Structures are given as structure tokens and as C-alpha cells.
Amino acid sequence: MIDLELMDRLLGAVRPEAKLVLLGDSDQLPSVHAGAVFADIVAAGRDRASVELTGNYRINISRKDAAGRALAATFGSIRGGNSEALLQSITTRGRASEVEFHGVEILEEDHENFLDRWFHERVMTERYRELTGTKSFDGTFDAEAVFAHLRSHGILTVTNHDAERVNRVFTSLNLTRIGEPVVVLRNDYERGLFNGERGVVTSSGVHFETGVTDADTFRDELSTAYAITVHKSQGAELDHVVLVLPSADHPLVTRELLYTATTRARSSVTILGSKEALVAGCGRAVDRRTGILTRLT
């Protein structure tokens, strides 16, 4: 997600005799700011200065793992813009109760019941309530278990509006706020917390993997994170992913966004939205013409 300005600064800081190795996935979303620098560099050096790593260690694609094979097929179909193959790799569910959280599934209706089920079965489990309801951090608080739980699942959205909508639904189900996942909105060097870092509200405040911060003095710098946008999820690895598509066709639903969202998953992806929106997004690629590719070639 490196943009033009940041790449310019990076190159300016590297000595002329040094070698620079860039590692990433050029098929994922480009930077929020100007440019698609990494994708342009990869395209320019495809035959001479780049190496494609094809091994996948996040999922199991053996014959015995149907879910892993479905995920791999979905990734490949999206990457290649093959909407027909994409639909063949996805299982259609008619009701929320039918979702198995196995491979790739799509639920076009019954989203309200699905979110209620997800909250009670995946998010606010009885064990998780016990972990986050601990009164003190004297060794009885199992931070490793809490954050392992948070990393096991996630809801990703295309727009901030849909993320806020889902977060409101879950906030209404969790009136105490105990166990609520949060995300840092901006860098706080004094506390050693940085934009995008996730934490959890406990009975003793807000707990991050780096320590505890009092909730009252930090509230304005946090946002509820039951659901986050796909952009914010880049770099994350989750067992179970839910992707919420807009109710109507949206220009932000692109091949790169779908690929980024689905490749966060190790075990399952559940898509809430229409097949029409999914097919349209699979056929829509991000087009950024910055002139870098032309100059490099």
C-alpha cells in the first residue's frame, strides 16, 4: 500500500550503492493515496527484476481439505477476473442458519439474523466473556487467549458506512461494552500505540497487547472494531472472514478489494451481498495511470 510520496522518501533515504528488496502482493488494493507504485514496479520488472512466490502457507489445499481448495479456487478466480469460475467455487445459502463457515459461502438475504448469530456464536462467546470480565491484570488476565480470539474472526466491509452500521448492531447487543474490540485511530507516541492497532475493552479499561490504557482518557482516539473496512484489514490473518458488500453495485467493489478481503481467511469466507454485485466487482479492476510504468519500461 505504499504511495508515491512514501516511495519517493524511501528511495531518497537509500544509499546509491544499496540494494532494495520489496516484498508484497501486487494484486491487493493499492494505497489509499496517489499511485500504485508496487504494482507498477512488478509489472515493469516481471521478466527481469521480480520473482513470483506461488506457495500458499495460509490455507490447506490438499485433497482432504475441501474448504482450502474452495478458498484457493476463489482467490484464483478473483485474481484472474473469472466471474463464472468464481460463482462455481462459492456455495449459496438461503438462510443464516444454513451457513456452515466452511470454504466460501454467499448469503444474499437474512443478513440481520446472520449478524445476530455471528455475534453470539463467534464474537461474544461464554469463554470470551469470562476472559474480558476479569477484574484485575495480576496474572489472571489471559491476554494471549483474548487476542487469539480476536484474530480468529472478523467482519470486513467495503465502506465506512457499512462498518459503522454493523458496529452499531453489535454495540446494541453488548450494552456493557465489556469485550468490545477497538482500533486506534491515530499514532500516540507517548503511549506507544499506533494507528490501526487493535485492543479490547475489559472491566479494567482498554487492553492492548502492549499494555493497558485507561478508557476514559483515551476514548476519543479509539473506534469500535467489530467490523472494519477491507483497507484497514490489509496484513491481517483471520480464520473466519465475513465480507459485507454494499446493497447496490458500488465502484469501490473491485477485483483488488475482493482479492484482498478473501485472502485474509484461513478457513472460511461468508459473503453478505448479491451475486450480481460480486460478479460486477470481479470484472472491475483498479485503473491508476500514474506514468510510472511507462517510465520504468
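Student: Leaving aside its neighbours within four places in sequence, which residues is threonine 157 in contact with?

Tutor: In this predicted model, threonine 157 is in contact with Asp162, Ala163, Ala227, Ile228, Thr229, Val230 and Val244, once the neighbours within four places in sequence are set aside. The residue belongs to strand E3, and its side chain reaches the backbone nitrogen of alanine 163 at 3.5 Å.

Student: Is threonine 157 buried or exposed, and why?

Tutor: Buried means under 20% relative accessible area, and threonine 157 counts as buried because its relative accessibility is 0%.

Student: How should I read the strand around threonine 157, and which residues cover its two faces?

Tutor: In a regular strand the side chains alternate between the two faces of the sheet. In E3, His153, Ile155 and Thr157 are on one side and Gly154 and Leu156 on the other, and all of these are buried, so that both faces are covered. Since 5 of the 5 residues of E3 are buried, the strand is largely enclosed by the rest of the structure.

Student: Which strands does E3 pair with, and in which sense, parallel or antiparallel?

Tutor: E3 pairs in the parallel sense with strand E10, residues 238-244, over 5 bridges, and 3 bridges join E3 to strand E9, residues 227-229, which also runs parallel to it. Threonine 157 takes part on both sides of this arrangement, for its bridge partner in E10 is valine 244, while in E9 it stands opposite threonine 229.

Student: What is the order of the strands in the open sheet that has antiparallel pairing?

Tutor: That sheet is formed by 5 strands in the order E7-E6-E5-E4-E8. Strand E7 (211-213) and strand E8 (222-224) stand at its edges with a single partner strand each, and therefore one side of each is left without a neighbour in the sheet. On average, and with direction ignored, neighbouring strands of this sheet are turned by 35° against each other. Within the sheet, strand E4 (residues 181-184) and strand E5 (residues 198-202) run antiparallel and are joined by 3 bridges, with glycine 199 in E5 as the bridge partner of valine 182.

Student: Which helix lies across E4, E5 and strand E6?

Tutor: Helix H7, residues 143-150, lies across these strands, E6 being residues 205-208, and H7 runs at about 115° to E5.

Student: What lines the second largest pocket?

Tutor: The second largest pocket holds about 580 Å³ of space and is lined by 26 residues, of which Gly196, Arg198, Ile228, Lys232 and Ala236 lie nearest its centre. H7, E3, E4 and helix H10 (230-233) each supply at least two residues of that lining.

Student: Finally, which side chain does serine 268 make a polar contact with?

Tutor: Serine 268, which lies in strand E11 (residues 265-272), makes a side-chain polar contact with the side chain of histidine 240 at 2.7 Å. With 0% relative accessibility, serine 268 counts as buried, and, not counting residues up to four places away in sequence, the residues it touches include Leu71, Phe101, His102 and Asp239.

Terms used. Residues numbered from 1 in each chain as written. Predicted model: local features only at pLDDT ≥ 70, side-chain atom pairs only at ≥ 80, totals over all residues. Heavy atoms only, no water. Pairing = 2+ DSSP bridges. Helix = DSSP H or I, 4+ residues; strand = E, 2+ residues; numbered from the N terminus. Axes fitted to C-alpha atoms, helices over the stretch in contact; angles between N-to-C directions. Contact = heavy atoms within 4.5 Å. Buried < 20%, exposed > 50% of the residue type's maximum accessible area, 1.4 Å probe, protein only. Polar contact = N/O pair within 3.5 Å; in protein donor to acceptor, adjacent residues only side chain to side chain. 1 Å grid on protein atoms, 1.4 Å probe; cavity = no way out; pocket = protein on both sides within 12 Å on 5 of 7 lines; lining within 4 Å. Points joined across faces, edges and corners; volume = space filled by probe spheres on them.
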